Amino acid sequence: MATAIVTGGAGAIGRACAAALVEDGWRVVLADIDGAEAEKVASDIGAGVVAAYGLDVTDFAAVHDIAARAQARHGPITGLVTAAGGGRNIALTNGPFIETTPDEWDRNIEVHLNAVYNSCHAVLPLLFEAGKGAIVNTASGAGLRGGPPHLRQRHASVYSACKAGVIALTQAISQEAGPKGVRANCIAPGRTETRAKPIEEMERMQREEEALKPGSGRASPLGRFGRGRDMGDAAAFLMSDRAGYITGACLDVTGGIRLH
Amino acid sequence: MATALITGAASLIGEGIARALARDGWDLALTDINSQGAEEVAKRLAANSRVEVRELDVTDHGRVKQVVGETARAFGAVDALVNCAGGLRGLGLTRKPVAEMPPEDWRRIIDTNLKGVLNAVHCTLPVMKDQGSGAIVSIAASRGLRGAAGAAHYSAAKAGIILFTQTMVLECAGYGVRINTIAPGNADARWKGPDDGATVAPLGRPTSEDDVGGAVRWLLSPEASHVTGACIDVSGGTTLH
């Protein structure tokens with residue numbers, strides 16, 4: 001039985017990734033900065049989630065500790081999905097780049113780029129030990145194509161930089177890990193629901209934006225926002241054997257808003 | 001004459017950029033963590049234009065702000081910023097796969113190559129905004145267009161620079177500023193020995209400092225006045241996409 005670690009497992013995307021992996025027969029170790037919420041998600045999903053941990057992915061040592069514990073209790077670990085991120089826990093303010101502070105970039109970079117390295121660094125040796133495995137990192141449409149920042153997008157420039165970094169990091173891993181039977185890919189969500197901001201809230205904001213500036217509130221060419229489930233399905237596909245010849249890819253799950 | 005501030009000016013690519021800009025008559029503020037090396041570059045330039053050298057560690061936001069302020073006062077303006085500070089082996093690090101890469105290596109590369117650019121843009125852009133004009137060019141890398149084995153940190157940082165630049169287009173445009181990147185391939189460098197640079201581009205040679213200098217010079221020229229958010233691939237065909 002294959003076991004995967006999902007970081008950010010209590011968020012809308014992480015939760016959906018965990019649920020989709022469980023449906024595909026994976027056993028899932030959930031980790032999230034909000035340990036209590038991770039426990040709740042674990043009980044919602046049911047038996048396939050074998051453990052739930054509180055974990056701050058920016059803490060290099062803690063990430064390695066959780067990986068080692070997961071390996072000891074639920075191993076062999078053969079999968080990793082990184083879905084930790086979002087502005088929720090890093091208190092970013094709105095505004096143009098020149099009005100931001102280095103402290104804010106640091107928090108942004110810690111969570112959205114350095115933490116992905118932490119997780120991959122901790123889990124890759126386990127996958128190599130197993131001689132097989134897959135990684136899916138959550139990048140973003142913002143990392144595929146930088147663009148005029150959305151009205152409400154916070155710290156768009158540094159966020160785009162981080163997510164482009166995640167894609168490049170994943171490409172590098174695909175080259176290094178391929179010969180050891182390990183694949184590494186990204187998903188790139190577009191405007192997607194979060195735990196703090198469900199679809200209904202996004203639609204309400206969209207109507208506000210449309211009223212302010214017609215055309216600006218468009219969700220996507222598909223006419224709707226991304227659901228966690230859309231991301232979960234994409235991640236589960238890339239984690240599955242059906243994607244056995246796919247590595248180094250970044251799957252665009254933006255509903256067509258970020259052509260590249 | 002217009003003034004360009006160059007970071008990492010003591011490097012071979014930095015020297016190529018300085019040489020190309022001096023040829024166009026730019027006044028130059030050369031900065032580097034190795035100020036002695038930047039002094040030597042200044043001597044070799046034999047430029048007709050004004051050249052000043054300042055020591056600068058781009059990871060030190062306070063020092064970047066100070067140097068940009070000094071430059072603006074000394075020259076009367078900062079018309080161009082060229083971000084050339086960075087590198088991998090030039091920083092004394094070696095290539096390693098992610099699984100064997102210590103966190104110190106990862107951080108050093110991200111801090112120097114990515115945050116260094118953020119620091120320089122953050123400190124220079126307000127000056128350009130006050131001027132109502134300016135142009136920024138950052139040296140990314142072909143490895144930022146394609147993540148490379150053994151260089152995940154470097155690839156991530158350089159990819160970050162490219163996307164940061166794209167996303168800054170709108171904000172910069174509001175200040176009358178253009179912002180672009182250049183992606184050199186496997187380039188000549190001072191630290192390279194005879195056995196280095198084995199990666200041969202389709203055009204049959206490594207990227208030279210003059211290749212990069214020429215691209216910077218064009219991006220800063222009036223000919224490129226409608227170019228912003230671009231990444232010019234100067235890798236000799238290494239990075240097809």
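Predicted model: local features only at pLDDT ≥ 70, side-chain atom pairs only at ≥ 80, totals over all residues.

Two packed helices are described by the angle between their axes and the distance between the axes. Take helix α1 (residues 12-23) and helix α2 (residues 35-45), both of chain A: they pack at an angle of about 30°, and their axes are 11 Å apart. Angles under 35 degrees count as roughly parallel, and α1(A) and α2(A) are therefore roughly parallel to each other. If you follow α1(A) past α2(A), the crossing is right-handed. On the α1(A) side, A:Arg15, A:Ala18, A:Ala19 and A:Val22 meet A:Val41, A:Asp44 and A:Ile45 of α2(A). What kinds of residues make up this contact of α1(A) with α2(A)? There are 5 nonpolar and 2 charged residues, with no polar ones.

Stay in chain A and look for another pair, α3(A) and α4(A). Here the packing angle is about 30°, with the axes 8 Å apart. The helices α3(A) and α4(A) are therefore roughly parallel to each other, and α3(A) passes α4(A) in a right-handed crossing. From α3(A), the contact uses A:Phe60, A:Val63, A:His64, A:Ala67 and A:Gln71, while the residues from α4(A) include A:Tyr117, A:Ser119, A:Val123 and A:Leu126. Sorted by class, the contact of α3(A) with α4(A) has 7 nonpolar, 5 polar and 1 charged residues.

Helix α6 (residues 156-177) of chain A packs against α6(B) at an angle of about 145°, and their axes are 7 Å apart. The crossing of α6(A) past α6(B) is right-handed. Among the residues of α6(A) in this contact are A:Ala161, A:Ala164, A:Gly165 and A:Ala168, and those of α6(B) include B:Ala156, B:Ala159, B:Gly160 and B:Leu163. Which classes are found in the contact of α6(A) with α6(B)? It divides into 13 nonpolar and 6 polar residues, with no charged ones.

Next comes a detail of the backbone. Most residues other than glycine have a negative phi, and most peptide bonds are trans. Between A:Gly75 and A:Pro76, however, the peptide bond is cis, with omega at about 0°. You can find A:Pro76 in the loop between α3 and β4 (77-82) of chain A.

Finally, let's look for empty space. Rolling a probe the size of a water molecule over the atoms shows where empty space is left. How many cavities of 30 Å³ or more does a search of the whole structure find? The search finds 3, and the largest cavity has a volume of about 50 Å³. Its lining is made by A:Ile5, A:Thr7, A:Leu55, A:Val63, A:Ile66, A:Ala67, A:Leu80, A:Ser119 and A:Val123. Elements of chain A that give two or more residues to this lining are β1 (3-7), α3 (60-74) and α4 (102-130). The most comes from α3(A), with 3 residues. By class, the lining of the largest cavity has 7 nonpolar and 2 polar residues, and no charged ones.

Several elements of chain B supply at least two lining residues each, including β2 (27-32) and α5 (142-145). The most is given by α2(B), with 4 residues. The lining of the second largest pocket has 20 nonpolar, 16 polar and 14 charged residues.

Notes: Residues numbered from 1 in each chain as written. Chains lettered and ligands numbered in written order. Heavy atoms only, no water. 1 Å grid on protein atoms, 1.4 Å probe; cavity = no way out; pocket = protein on both sides within 12 Å on 5 of 7 lines; lining within 4 Å. Points joined across faces, edges and corners; volume = space filled by probe spheres on them. Nonpolar A, V, L, I, M, F, W, Y, C, P; charged D, E, K, R; others polar. Axes fitted to C-alpha atoms, helices over the stretch in contact; angles between N-to-C directions. Parallel < 35°, antiparallel > 145°, perpendicular 65-115°, else oblique. Left-handed = near helix turned anticlockwise from the far one by under 90°. Contact = heavy atoms within 4.5 Å.
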